[in-house]
Each structure stands twice: as structure tokens, then as C-alpha cells.
Amino acid sequence: MKRNQVEPVQKTLLVDSPDILSTFTLDVEDSLQLWDYTDLVVKILASIRLEIPIENQKISIKICNSAESKKINKKFRSKNKSTNVLAFPCGNDIFSLPNHLGDILICDEVVLSEAKFLGIDFEERFSHMLIHGILHLKGYLHDNKSSADIMEKLESKIMVKLGYSNPYV
């Protein structure tokens, strides 16, 4: 390891909380933000489940750096740049794990940069991106004005319930 290089943080948690009635895995590797995401994720999932059904479903969440985000974004979306959140819904076929809703990849470097640009704190932007990713796993899209309006309205409602501002105003 080179001098002044930060050793990667890798933590994988499996959380089954009575507050969220769901199970999620949280994998933090090469994270920019060296803090515990667990309580925040539980709080977000508890708010989401008041609006859409996520009970008894498994969600994998990985926090990554810009290099990994860029690599995965290029591989799956043919975009050669890092991005804030990627969502990979599981299919309902014989190859999918039972009750596995899907996987979410969040790049905390991009989220932090966006939070600074928007003048909000990291936790608020991270919360919005996790909500956005989970809604994608549940089938919500923003590929046209009508579907975008529906998704944004739900995101805003959940964000406000969490005590944050409406991200679309």
C-alpha cells in the first residue's frame, strides 16, 4: 500500500429489522464516507414501506467509489462515466432468488459531489438516491413525463416524511 493511501473499508451486513419487515445486505467497499449507513438505510426502508409494499423482500445495497460505478455503468448502460445510483431489479423467473427484489449500487463520491452542488447534506442526497433506486426495483420508471411525474411524486412524499425537502422543487 502506498503512503497516504486509505485502506478500503469493506463491511457486509445482513439486517433483518422488525421496523422494516424486510432484509437487506449492505456492502460498503472503498467508501468515501466512513460512517455507518445501517441506521439510515433502516430509517429509509421503514418510510418507503408506508407507501409501497417491500415487506418480506430482500434488497442488496452496495456503496462504491467512482471507478467501480463508472465500470458498471459502462458495462450495463454503455455510459462511460460514474453515476449516483444504479438499480438492477431481479426477474420473477426460475433463476431469481425467492423474494429478492434486486440490487442497488450507490456511488458515494458522486452523491457527495451532488449534495455539495445542491447545497444539501450528504445524508439527504443519499436518502433520495436510495429511495430512487428502490422505486426502480419496484418497477417505477422516469422514461416519459407521465411515469416521471408518478415516480417523482412518490419520491417527494417519502423524502418529506423523512424530514427532508422535496428534491424536485
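The model is a predicted one, in which local features need pLDDT of at least 70 and side-chain atom pairs count only at pLDDT 80 or more, whereas totals for chains, interfaces and linings use all residues. Residues are numbered from 1 along each chain as its sequence is written, and side-chain values use heavy atoms, with hydrogens and water left out.

The protein holds 5 helices and 5 strands, where helices (H or I, at least four residues) and strands (E, at least two) are DSSP runs numbered from the N terminus. Along the sequence these elements follow the pattern β-β-α-β-α-β-β-α-α-α. Of the 169 residues, 44% count as buried, a class that means under 20% relative accessible area, with exposed meaning over 50% and partly exposed the range in between (1.4 Å probe, protein chains only). Among contacts with a separation of 6 or more, 58% are accounted for by residues 24 or more positions apart, a contact being heavy atoms within 4.5 Å. Thr-25 itself lies in strand E2 (residues 22-29) and, at 25% relative accessibility, counts as partly exposed.

Helix H3 (residues 108-118) has Asp-108, Val-110, Val-111, Leu-112 and Ala-115 as its buried residues. The cover over these residues includes strand E3 (58-64), helix H2 (66-77), strand E5 (100-107) and helix H4 (122-137). Just after H3, Gly-119 takes a positive phi of about 75°. A positive phi, near 55°, is also found at Ser-78, a residue other than glycine. Ser-78 is placed in the loop between H2 and E4 and counts as exposed, at 66% relative accessibility.

The structure holds 0 disulfides, a disulfide being a pair of cysteine sulfur atoms within 2.5 Å. Cys-64 is accordingly in no disulfide, and the nearest cysteine sulfur, that of Cys-107, is 4.8 Å away. Cys-64 is buried, with a relative accessible area of 0%, whereas Cys-90 is partly exposed, with a relative accessible area of 27%.

Pockets were examined next. Rolling a probe the size of a water molecule over the atoms shows where empty space is left. On a 1 Å grid over the protein atoms alone, a pocket is an open set of points where a 1.4 Å probe fits, with protein on both sides within 12 Å along at least five of seven lines, and lining residues have an atom within 4 Å of a point. Grid points are joined across faces, edges and corners, and a volume is the space filled by probe spheres set on the points.

The largest pocket has a volume of about 340 Å³. Of the 13 residues that line this pocket, Arg-77, Val-85, Leu-86, His-136 and His-142 are the closest to its centre. H2, strand E4 (85-89) and H4 each supply at least two residues of the lining, and the largest share, 5 residues, comes from E4. By class, the lining divides into 7 nonpolar, 5 polar and 1 charged, where Ala, Val, Leu, Ile, Met, Phe, Trp, Tyr, Cys and Pro count as nonpolar, Asp, Glu, Lys and Arg as charged, and the others, Gly among them, as polar.

His-136, placed in helix H4, counts as buried at 19% relative accessibility. Residues up to four places away in sequence not being counted, His-136 touches Ala-87, Pro-89, Leu-141, His-142 and Met-151. Leu-141 lies in the loop between H4 and helix H5 (145-161) and is partly exposed, with a relative accessible area of 43%. Neighbours within four places in sequence aside, Leu-141 is in contact with His-136, Ser-147, Ala-148 and Met-151, while Leu-141 and Glu-152, 11 residues apart in sequence, are 9.5 Å apart in space, C-alpha to C-alpha.

The second largest pocket holds about 160 Å³ of space. Its lining includes Leu-118, Ile-120, Met-159, Pro-167 and Tyr-168, and the largest share of the lining, 3 residues, comes from H4. By class, this lining has 5 nonpolar, 3 polar and 2 charged residues.
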